[in-house]
Amino acid sequence: MELFAHYLSLPYLLRGIEFTLAVTGLGLLGGLLMGLVLASMQLSRFWLLAILARAYTVIFRGTPLILQLVFAYDALPQIGIKLSAIGAAGLALSANEAPFIAEILRGGVLGVDRGQIVAGQALGMTPGVLMRRVIAPQAIRTMVPALGNETVSALKNSSLASVIAVEELTLRSTQLASSTFDFFSIFFASGLMYLALTGAVSVIQLIIEDLLDLDRVPMKERLARLLSWRRIGTLVAPISNRPAPASGTHLATGPAEVVKLVPMAPADRAARSKRVR
Amino acid sequence: MSSSCRWLRRIALLGPSGSGKSTLLRCINRLETCDSGTVRVGGRRLGYKDDGSSLTPRAIAKERASVGVGMVFQQFNLFGHLSAKENIAGPLRWVHGWSRPDADRRAHELLRRVGLSYRADALPRHLSGGQQQRVAIARALAPNPTVLLLDEPTSALDPELVNEVLDVIKRLAVEDGLTMIIATHQLRFADEVADRIVFLSGGSIIEEGPTHEILSQPKNPLTARFLRVVGDERLPGVPS
């Protein structure tokens with residue numbers, strides 16, 4: 001295990017991460033594009049398109065990814081489609097991710113409140129405007145967690161590309177281990193690298209969720225809220241050691257401290273209610 | 001059923017639940033397809049070609065926008081991701097091609113009329129039901145519709161919020177003289193706002209006539225029974 005730190009920074013393995021990311025990126029991008037097509041086919045008014053999309057889903061969701069990889073790498077060249085190892089891996093991963101992503105997109109669209117769609121129609125919105133202005137902005141917010149999941153799963157699935165000789169992290173780790181016999185250190189190191197990658201995906205997902213949050217509080221105000229004790233100190237200075245006036249509402253906050261509740265001006269209230277939310 | 005609101009300004013649709021009030025409203029702006037019969041708004045059959053076949057959804061949408069039929073829903077149906085102001089200004093820009101400053105000005109003007117200027121930037125979920133419905137009314141009015149359809153505008157509201165919405169509608173009816181078709185259960189409101197009442201039951205028009213006549217001397221026994229039941233609950237003043 002003494003070489004663990006050494007393997008973590010080994011350029012040979014770090015280069016493997018690049019291949020892993022390349023395959024994952026291709027797979028997700030292709031999967032997203034094909035998923036968009038599949039989802040819109042399923043949601044379309046024309047039933048034939050929906051059936052075709054359904055058939056595609058059955059085939060590519062129902063067969064193992066590793067088979068699809070081998071097919072793209074070994075079988076496609078026989079009918080004249082020759083792809084590089086990375087290209088084949090990207091294609092197979094895209095084809096495999098597409099039905100899952102399509103399902104996420106479809107679920108997001110169907111999850112948008114029906115009443116709002118009817119209201120949009122009544123206002124004269126065309127289906128395109130309705131999708132762009134009403135459905136998509138709300139659907140995307142609900143889809144982010146599921147898409148984060150899908151990204152993590154694609155990242156891990158990219159390791160299967162090792163069977164078609166893509167020199168990604170898993171293949172390079174096994175090759176390195178079989179030449180050095182230092183299995184523990186190497187697999188711990190590559191495991192940690194995968195964890196760092198998936199961890200980064202989770203962080204990005206949380207950031208995106210936060211950015212899309214409609215009730216998002218600007219950073220400055222968030223800091224102010226974290227330091228709320230300071231604000232309380234300046235906003236509500238205790239009127240200490242003063243006899244309580246006879247009228248008005250009072251809150252006793254301590255033996256000698258009285259805070260008077262002053263009705264706020266409407267403008268203040270509007271500004272404040274905005275801030276509080 | 002057959003009815004015409006050519007010279008009439010405001011019609012109230014009364015009738016028990018499931019009597020077809022909402023369906024009739026939805027047929028008028030072609031949110032629902034009529035099985036038979038025709039609905040004409042401003043002389044045009046909304047959503048149909050000249051030969052009677054149906055248009056594409058896109059063409060129907062364009063026609064809805066140009067004919068000018070506003071609609072207010074029982075469940076408000078504001079766009080959840082947009083502020084009150086954007087709910088009004090957005091459709092003006094996207095459907096009617098207004099510029100942003102024009103649309104914003106119109107939105108602020110309408111929010112002022114429904115008394116919600118101070119909530120312009122609030123999201124619908126932070127508004128009370130009554131406030132949401134007032135924004136929804138403003139949104140429906142923004143493109144200056146020729147007809148406003150109101151589908152039980154107060155049924156989903158808490159009792160104490162009903163009046164603020166009814167006040168806004170009454171004010172619009174009086175100030176603008178807007179043509180309205182209102183499905184409602186509120187007899188008093190129908191009495192104050194509508195010139196004419198159409199009573200529906202089981203999907204067909206049972207009785208129709210001037211508001212006061214129907215409310216005070218219903219000819220059809222079904223109408224009379226409905227008025228008695230609803231009147232007992234909400235309108236002790238009206239003779240039944």
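A residue counts as buried if 20 or more other C-beta atoms lie within 10 Å of its own. By that criterion, strand β7 of chain B is mostly covered, with 5 of its 6 residues buried in this predicted model.

Strand β7(B) belongs to an open sheet of 6 strands in chain B. The order is β4-β5-β6-β1-β7-β8, and the pairing is mixed. The edges are held by β4 (69-72) and β8 (204-210) of chain B. Each has a single partner strand, so one side of each is left without a neighbour in the sheet. From one strand to the next, the twist averages 15 degrees.

Strand β7(B), residues 196-201, pairs on both sides. Toward β1(B), residues 10-14, the two strands run parallel and are joined by 4 bridges. Here Leu14(B) stands opposite Phe199(B). Toward β8(B), the strands run antiparallel, and 6 bridges join them. Val198(B) has Glu208(B) as its bridge partner in β8(B). Ser201(B) is partnered by Ser204(B). The two strands β7(B) and β8(B) form a hairpin, with 2 residues between them. In the turn, Gly202(B) has a positive phi of about 55 degrees.

At the β4 end of the order, a helix covers part of the sheet. Helix α5 of chain B, residues 129-141, lies across β4(B) and β5(B), the latter spanning residues 147-151. The helix runs at about 170 degrees to β4(B).

Chain A is built from 12 helices and 3 strands. Of its 277 residues, 28% count as buried. Among contacts in chain A between residues at least 6 apart in sequence, 68% join residues at least 24 apart.

Within chain A, helix α2 (residues 11-43) packs against helix α8 (residues 169-180). Their axes lie 7 Å apart, at an angle of about 155 degrees. Because angles over 145 degrees count as roughly antiparallel, α2(A) is roughly antiparallel to α8(A). On the α2(A) side, the contact is made by Tyr12(A), Leu13(A), Gly16(A), Ile17(A) and Thr20(A). Their counterparts in α8(A) are Leu169(A), Arg172(A), Ser173(A) and Leu176(A). By class, the residues of this contact are 5 nonpolar, 3 polar and 1 charged. An α-helix has 3.6 residues a turn, so residues three or four places apart point the same way.

The two chains meet in a contact that takes 23 residues from chain B and 22 residues from chain A. On chain B, helices α2 (57-67) and α3 (84-96) each supply at least two residues of the side that touches chain A. Helix α2(B) gives the most, with 6 residues. By class, this side of chain B has 12 nonpolar, 7 polar and 4 charged residues.

Helix α6 of chain A, residues 114-122, is covered from both chains. Its buried residues are Gln116(A), Ala119(A), Gly120(A), Gln121(A) and Ala122(A). Their cover includes α7(A), residues 127-157, together with α2 and β4 of chain B. Gly124(A) follows α6(A) and has a positive phi, near 90 degrees.

Most residues other than glycine have a negative phi. Two exceptions lie in loops, one in each chain. Phi of Ala165(A) is near 65 degrees, and this residue sits in the loop between α7 and α8 of chain A. Phi of Arg30(B) is likewise near 65 degrees. Arg30(B) is found in the loop between α1 (21-28) and β2 (40-41) of chain B. Their surroundings are described by C-beta counts. Ala165(A) is partly exposed, with 13 other C-beta atoms within 10 Å. Arg30(B) counts as buried, with 24 C-beta neighbours inside 10 Å.

Confidence was examined along chain A. The mean pLDDT of the chain is 84, and 82% of its residues reach 70 or more. Residues 236-264 of chain A stay under 50. For that stretch, the model has 22 contacts beyond four places in sequence. The pLDDT is also below 50 over residues 272-277 of chain A. This stretch has 5 contacts in the model beyond near neighbours in sequence.

Technical notes. Residues are numbered from 1 along each chain as its sequence is written. Chains are lettered from A and ligands numbered from 1 in the order in which they are written. This is a predicted model: local features need pLDDT of at least 70, side-chain atom pairs count only at pLDDT 80 or more; totals for chains, interfaces and linings use all residues. Axes are lines fitted to C-alpha atoms, for helices over the stretch in contact, and angles run from 0 to 180 degrees between N-to-C directions. Angles under 35 degrees count as roughly parallel, over 145 as roughly antiparallel, 65 to 115 as roughly perpendicular and the rest as oblique. Two residues are in contact if their C-beta atoms, placed from the backbone, lie within 7 Å. Ala, Val, Leu, Ile, Met, Phe, Trp, Tyr, Cys and Pro count as nonpolar, Asp, Glu, Lys and Arg as charged, and the others, Gly among them, as polar. Two strands pair if DSSP finds at least two bridges between them. A residue is buried if 20 or more other C-beta atoms lie within 10 Å of its own, exposed if 12 or fewer, and partly exposed in between; C-beta atoms are placed from the backbone. pLDDT is the predictor's confidence in each residue, from 0 to 100.
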